[in-house]
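Open the model in your viewer and follow along. We will visit two interfaces, one selection at a time.

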Amino acid sequence: MNPILNPAMNSALSGGAPVATPFFFYMLSGLAVIGGILVITRRNAVHSALALIVTLLSVAGLYLMLYAPFVAGVQIIVYAGGIMVLFLFVIMLVNIERASKDRRFNRIWPIGLVAACTLMGLFVSAFVKGRALFPDRGMALSEGSNTQEIAKALYGEVNRFGQYTFGQYTFAFEIASLLLLVAILGAVIMTKKKI
Amino acid sequence: MPNFIMSYLGSTLTPGGAGNQFWALIYVLIIFAGVSVAVIAMNWIERKALAHFQIRLGPMRVGPHGLLQPFADALKLMLKEDIIPSEADQFVFWVAPLIGLLAAFTVYTVIPFGPSQAVSDMNIGILFMLGVSSLGVLGIVVAGWASNSHYPLIGALRSSAQMVSYEVAMGLAVVSAIVMTSLNTSGTGTLSMIGIVQAQQQQGVWFIFKFFPLGFIAFGIFAIAMVAETNRAPFDMAEAESELTAGYHTEYSGLRWSLFMLAEYAAMIAVSSIAVTLWLGGWMRPFPNLLHAPAWDFIFSLFPGLTFAGLAAIALIGTVRMPSQSFFKIQRIGLAIFAGLLGLIALLLLVVAVAGRSDSGIVARFNDGIGYVYWFVLKVSVFMYLFIWYRATWPRYRFDQLMKIGWKVMLPISLGVLVVTAIVGVIF
Amino acid sequence: MVPITTLHYLVVAAALFVLGVIGVLTRRNVVIVLMSIELILNAVNLNLVAFSHMWGNLHGQLFAIFVTVDAAAEAAVGLGILIAFFRNKETINVDEIDLLKW
C-alpha cells in the first residue's frame, strides 16, 4: 500500500498524537515560502536578511516535525545564529546608498525567470509522475498510533548521532573540519588589506 | 477541579513530556511572571548594591528604602515620548527589541526548576539553549543598523562581535560538562537539562567539583563567558559607550529601551540558570546523597521558611530604625506592611515544611517542589549578586583586549579542558 | 484535510529551491544572491531530512548536518570575496562585476 496516498498510515489523530499536525505543517511551510518570496523580492538587503531568518527558523520547525531535533538545533545555532549574523555584518559594511536606489533585478532577469520556470516544471512533472515510485515504508514510523513511544525512540537517537559521527562518518567529519579550517584561512586572507 | 489540579501537581513528567498544552501554558505564564518580578527586584538590588559599594545610599525616597523605585522607573519609561529617528527603517526599528526579548525569554522553556518542573524537557535542551541565545545577537545587530546613525552601528557591531566570540568558549565549556554526564553508571550522556542534573545526582557530585580542577576551570570559563555574553561589566564596552558616546540602544526611548533592558536582565538570569543547572547541581539541596536521613531532609526543607523569616526580620529592623519625623510615617507603615507580607510567606512555608514531614501525599510533593525551586533560585541569586559585584568592582576592558581574551585565552583553555576531561573520564 | 506525507515536505523543499534559483538568477545585489544560495541549500537539507524520516534512519540527517557545515564555510568565503571586491571596485551590483581582469 502506498504510504503516500494511504490515509490510515498517516493519520495524526489516532491516539495521543501531536495535535493539529497539519496545522503546524501548513503554518511553518507557509512561513518558509513567504520568507523565501520576501528574500528574493525586497529592495532592502536587511529586510531580505530578516526574511531569510524567518525562513530558517520555520525550516528548523519543520525539522522538529520530522523528528530531527538535532538537525533543528544545529540549524538554529549555525544558520540563524551564525551565518545570518555574518550576512548582517557584511550588509552593514558594504551598505551603500546607491544600492537601495538601484533597480532590483539585473539585466538578464527574463532569462533567469524562464530557467527557473523550466526547473519548476521539471519538479512538478517529477512529483506527479513519480508519486507511485516512493517505496512502501517509512511513514508508518511517524504518524501511527503510538506516537509518544515512537517519538521517544526516535528522539533518543541523539546518542546515535555521536556513534555515527565518530564511527561510520569519521572521515567525512575530519574532511568537514579541514574544510572549515580552509574557509577560515581563506576569509582571513582575503579580507586583509596587505597580504 | 481540585482533583484536576492535584493530579498535575503530583505528576512526574514535565508538561511538554506529557504533551499537555494547557499546563505548559500555565507554566509559561508562571515563568513569565516570575522573571518579570525577578527583573524588577534585580533592578532595585542593583541600584542599592552599587550604591552601598560606593558608600552612598541609593534610592531612598520612592518607597521605604527605595523599594518602589523600579515601579516608578517603569511608569516613567512607559509615559515617555516614543521617538523614532526620521531616516530610520520603521519596521526594523520596531522589530529589533522584540527579537532580543524573544531570544532571551525562549531560553526559559528548557530551564528546569525541579525534576518535573520545566516547561518542556527537550532531548536537546542544551543545544536549544545555545541556539536561542545566539539569536539574541541578531536583535542587537539589527537595532544598531536600524538607528541609522554611526555610533549605534559601531556599538552594535562591537557588541555582536563580542557576543559571537564568547559564544564559542561558552559552547565548549558546556560540551565539557556534557562529557561529564556521560560518565554515569548507565554509560550514556544526555543533552537534556533535567538529565544533566540527574546525572549529577547519580554521580553524587556537583560537576563543578568533579575531577577537581577540571570542572572548576570549565565552570570558570562559562562564568566569564556568560558575563561577556550578556554585555555586562567588565565586558560592557558596547553598553558603556552609551554612557560615554553611544551604544546600540541610543536612539531608543521609553518603552522600547525598557524592552532592551528587560531582555538583558532576562538573559542574565537565563545564563545564570544554565550555569547553575550544569555545574552547581540545579535544584538539588546541598549534600543530597551524603546527608540522606529524613531528619536532614526536614532540616533542609525548613530553609525556605527561614529565609523569608530572615528577610522579614531585616524589614522589621528597618521599620524600627526609621527616623521618627512625620515624613517617614508613611514609609514606616509601608515597610511594616512589607515585613508583614514576608512574615506571612515565611509562616506559610514553615507550615508546609512541617506538615510535609509527616505526610507522604500531595503536601509532601508540594514541599519537595518548593524545596527544589527555592534551592535553584537561591543559587541563581548568588550569580545575580556576583554580576552586580563585578560591575561595582572592576574597570571595563578595552574592546581589543576583550576580543583578545575571547579568542586567545578562553578558546584554548576551554578546548584544553574539554580534551583533558574526556581523557580523564575515559581513564577513571 | 489530507494527511501530511513525505511528498508534502518535498513540495515545500522544491518551492524553496525554485525561489532560491530565481533569486540567484535575477537579483542585482550580490549579498541577496548569496542569501538565495543559502535558501537553495536549506531546500536541499529539508529534502534530505524528509527522506531520512521516511526511511527511518539517521543517514539523511547526518548528511544534512554536513551540508550545513559546508554552507557555513561557503558563506564565509563568499562574503570574504565580496568584501575584497567591494574594497576594490566600490560596487555590489552584479551587472557591474563583469571584468575578469582590470
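A salt bridge here is a side-chain nitrogen of Lys or Arg within 4 Å of a carboxyl oxygen of Asp or Glu. Select chains A and C: between them the count is zero salt bridges.

This is a predicted model, where local features need pLDDT of at least 70 and side-chain atom pairs count only at 80 or more, while totals for chains, interfaces and linings use all residues. Residues are numbered from 1 along each chain as its sequence is written, chains are lettered from A and ligands numbered from 1 in the order written, and side-chain values use heavy atoms, without hydrogens or water.

**Stop 1: A against C**

Select the contact residues (heavy atoms within 4.5 Å). You get 89 from chain A and 75 from chain C. Buried area is the accessible area (1.4 Å probe) that two parts lose on being put together, summed over both. Here it is about 7,600 Å², 76% of it on carbon and sulfur atoms. Now pick Ile40(A), Leu66(A) and Phe87(A): in chain A they lose the most area to chain C, together 9% of what that side buries.

**Stop 2: B against A**

Switch to chains B and A. Each gives 27 residues to the contact. They bury about 2,100 Å², and carbon and sulfur atoms give 78% of that. Show Leu127(B), Leu138(B) and Trp145(B): they supply 26% of the area that chain B buries against chain A, more than any other three residues. Look for salt bridges across this interface: the rule finds zero.
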